[in-house]
Amino acid sequence: MKRIIITLLAVVLYSASFACDVCKKQQPKVLRGITHGAGPQSNWDYVIVITIAVVVLVTLFYSIKWLIRPGEKQADHIKHSIFTQESV
């Protein structure tokens with residue numbers, strides 16, 4: 001029963017994620033059928049979205065990189081004072 005509910009929910013969300021016929025007519029060729037609404041009003045909208053996407057990807061890259069290999073090896077780094085502190 002749980003599998004059926006999850007499958008139905010996935011199908012409904014999948015079909016709702018695409019644009020309706022009215023929205024398809026309002027979108028430029030690049031975004032037609034993907035998004036709802038009026039679409040970009042000028043070329044600056046594309047520049048803003050691309051810039052934000054680059055910032056997000058760079059942030060994601062460095063977040064994952066520093067989570068995997070933090071790189072603090074100095075003996076006087078603050079993390080050592082936290083790890084070696086006795087519980088009160």
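Trp66 is placed in helix α3, which covers residues 43-68, where helices (H or I, at least four residues) and strands (E, at least two) are DSSP runs numbered from the N terminus. The model is a predicted one, in which local features need a pLDDT of at least 70 and side-chain atom pairs count only at pLDDT 80 or more, while totals for chains, interfaces and linings use all residues. Residues are numbered from 1 along each chain as its sequence is written, and side-chain values use heavy atoms, with hydrogens and water left out.

The protein chain contains four helices and zero strands, and from the N terminus on its elements follow the order α-α-α-α. The mean pLDDT, which is the predictor's confidence in each residue on a scale from 0 to 100, is 81 for the protein chain, and 89% of its residues reach 70 or more. Confidence is highest in α3, at a mean of 93, and lowest in helix α4 (residues 78-83), at a mean of 72. Where pLDDT is low, the predicted coordinates should not be read in detail.

Of the 88 residues in the protein chain, 5% are buried; here buried means under 20% relative accessible area, exposed means over 50%, and partly exposed lies in between (1.4 Å probe, protein chains only). The protein chain exposes about 8300 Å², of which carbon and sulfur atoms supply 70%, with accessible areas taken from the Shrake-Rupley method with a 1.4 Å probe and, for residues, only the protein chains shown counting as cover. Contact is defined as heavy atoms within 4.5 Å, and among contacts between residues at least 6 apart in sequence, 0% join residues at least 24 apart.

A search of the whole structure finds two aromatic pairs. One of them joins Phe61 and Tyr62 in an edge-to-face arrangement, with 5.0 Å centre to centre and 75° between the planes. Rings of Phe, Tyr and Trp (its six-membered ring) pair if their centres lie within 6.5 Å, and planes under 30 degrees apart count as stacked, over 60 as edge-to-face and the rest as tilted. Ring pairs link Phe61, Tyr62 and Trp66 into a cluster.

A nonpolar surface patch of about 810 Å² is made by Val30, Tyr46, Ile50, Val54, Val58, Phe61, Tyr62 and Trp66. Patches consist of residues with over 30% relative accessible area and no salt bridge, like charges being joined within 9 Å and nonpolar side chains (Val, Leu, Ile, Met, Phe, Trp, Tyr) within 5 Å; a salt bridge is a side-chain nitrogen of Lys or Arg within 4 Å of a carboxyl oxygen of Asp or Glu.

The loop between α2 and α3 holds Gln27 and also Gly37. Gln27 is buried because its relative accessible area is 2%, and, not counting residues up to four places away in sequence, Gln27 touches Arg32, Thr35, His36, Gly37, Ala38, Gly39 and Pro40. The C-alpha atoms of Gln27 and Gly39 are separated by 5.4 Å, although these residues are twelve residues apart along the chain. Gly37, in turn, is partly exposed because its relative accessibility is 28%, and, leaving aside neighbours within four places in sequence, Gly37 is in contact with Cys23, Gln26 and Gln27.

Cys20 is placed in the loop between α1 (2-16) and α2 (21-26) and is partly exposed because its relative accessibility is 37%. Cys20 and His36 are 16 residues apart in sequence and 7.1 Å apart in space, C-alpha to C-alpha.
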